[in-house]
Amino acid sequence: MSKVLIAGGGLAGLAAAAALGGAGFDVEVFEARPFLGGRATSYPLPSPDGGEPEVVDNCQHVLMRCCVNLLDFYQRLGVRDRIRFYREFYFLEPGGRVSVLNRGRFPAPFHFTGAFLKMHCLDRHDKAGIVRAMMAMRRERTRRRDLDKISMLDWLLQKRQTPRAIDRFWRQILVSAINEDLESMAAIHGFQVFSLGFFARADSYEMGVPSIPLAQLYSGDTWGKLGSVRFHFRTPVEHIDGSGFSVGGERRVADHYVCALPFERLESVGLPAPKFTHSPITGVHLWFDREITTLPHATLLDRTMQWMFNKDSGRYLQLVVSASRDLTNLSRGEIIDMAVGDLRLFFPRVREATLLKAHVIKEQRATFSAAPGTEALRPFTETGAFPNLYLAGDWTRSGWPATMEGAVRSGYLAAEAVTRAAGRPATFLIPDG
Ligand SMILES: Cc1cc2nc3c(=O)[nH]c(=O)nc-3n(C[C@H](O)[C@H](O)[C@H](O)COP(=O)(O)OP(=O)(O)OC[C@H]3O[C@@H](n4cnc5c(N)ncnc54)[C@H](O)[C@@H]3O)c2cc1C
């Protein structure tokens, strides 16, 4: 049985392990931390009154139905049914007025027509511009060659989008999907979100939210059924090359190696790192003494807090700010005050409620910045330098931006490369669309 060593137990490493374990390879995964999931994980938060710790996700993670490889990975782990899908996107204006975007009876790509026309948060000029831009997107997607070179904002301005359409529609959807501001995001990524999530199939936009803490998704007994996959926790890999891993000062050798570390860790293990920059995400967890809202989630318009997720009967809310550079220098107290202040504008019940507990997580290295010119620099899984070493991670050229789907795709691509090198080619990647 061919042996494979994998560095990193994030989604990329886990996806490679699941695919290769299932294909009969002997797999060992080395993870520096005591748990799996990397940037998509959860941990116990000590209770301020000494009670039971609460398990919280480092930040709310969501997916769309078009994340077919991530869903396949969850299926392999037997947790696919732990993802709850929502058909409605709620756009909330300060003052509390709600616009709902969901699919109607028309087939894709016209499935949003009815709901879109009824959205209160946009006027008819905004909507006419958005429809024009969507039609242009469908035409230009395969024709334009400069979409990785220009920013999404440049493209939207070329299409004469109104300021309100930009702020309340394009920015609200794309900044959270790509974790970058419109002015700093390559247009190619915005195109991809809309073509796969909004135009491809009538249900591909539906938003999936895990119903259990993220870490529990990877901790099931299913690994035992996926062949020979073993994990080494608290075991950082110190050096990687084509002839082995160095771990705890010892040499570990195998037939194939997968490096599924974040790009900023590559140099520390002796591999060249791409010169990407990071884009941060901030998550704010707020526990109130009463129900604040019955909405399951909502995108919050015109304020700093971008998304609200209702985690527990409207009393525990998680707020997310993507590309949150403006929050970097604020203290946790200032961020909590800002979050509660924003919420008051959308949910009047916050004014009477008591905030029982709050927690802020600033992930400064959440993802690489999907800036114009970056796509061409993302490396393929084959390293060239070492024929039996493969790269995986959301920053490699997976065909997707830095997301859970991108990470799983990269893991499957690395696993496919291993099977080819082993002379037993297998297909794991599910094509988009
Ligand atoms: C706050 C936040 C919110 C996000 N929200 C979303 C979302 O809603 N939807 C979405 O699709 N994506 C989201 N993402 C992005 C998503 O989490 C990542 O794209 C994905 O999890 C990356 O997986 P990965 O395996 O490539 O990397 P990682 O998760 O970083 O995994 C790398 C692993 O390597 C380990 N490691 C590091 N050094 C060593 C070493 N020397 N030896 C061994 N192990 C090592 C790390 O501990 C880690 O477990 C979010 C990210 C963050 C941070």
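This is a predicted model: local features need pLDDT of at least 70, side-chain atom pairs count only at pLDDT 80 or more; totals for chains, interfaces and linings use all residues.
Is Thr-374 buried or exposed?

**View 1. Thr-374 sits in the loop between strand 19 (355-368) and strand 20 (389-391).** Thr-374 has a relative accessible area of 8% and is therefore buried, since the cut-off for buried is under 20%. Look for its side chain and you will find that it reaches the backbone oxygen of Ala-371 at 2.6 Å. Leaving aside residues up to four places away in sequence, Thr-374 touches Asp-148, Phe-276, Phe-368 and Ser-369.

**View 2. Helix 7 (residues 187-199) is mostly covered.** Of its 13 residues, 12 are buried, among them His-189, Gln-192, Phe-194 and Phe-198. The cover over these buried residues includes strand 5 (63-64) and strand 8 (98-101), together with helix 4 (124-140), helix 5 (152-158) and helix 6 (163-178).

**View 3. Oxygen atoms of the ligand lie by Leu-11, Asp-394 and Met-404.** For Asp-394, a polar side-chain atom lies 2.7 Å from a ligand oxygen. For Leu-11, a backbone N or O atom is 3.1 Å from an oxygen of the ligand, and for Met-404 a backbone N or O atom is 2.8 Å from one. On its own the ligand has 1,000 Å² of accessible area, and the protein covers 93% of that.

Definitions and conventions. Residues are numbered from 1 along each chain as its sequence is written. Side-chain values use heavy atoms; hydrogens and water are left out. Helices (H or I, at least four residues) and strands (E, at least two) are DSSP runs, numbered from the N terminus. Buried means under 20% relative accessible area, exposed over 50%, partly exposed in between (1.4 Å probe, protein chains only). A polar contact is a pair of N or O atoms within 3.5 Å; within protein, one must be able to donate a hydrogen and the other to accept it, and residues adjacent in sequence count only if both atoms are side-chain atoms. Contact means heavy atoms within 4.5 Å. Accessible areas come from the Shrake-Rupley method with a 1.4 Å probe; for residues, only the protein chains shown count as cover.
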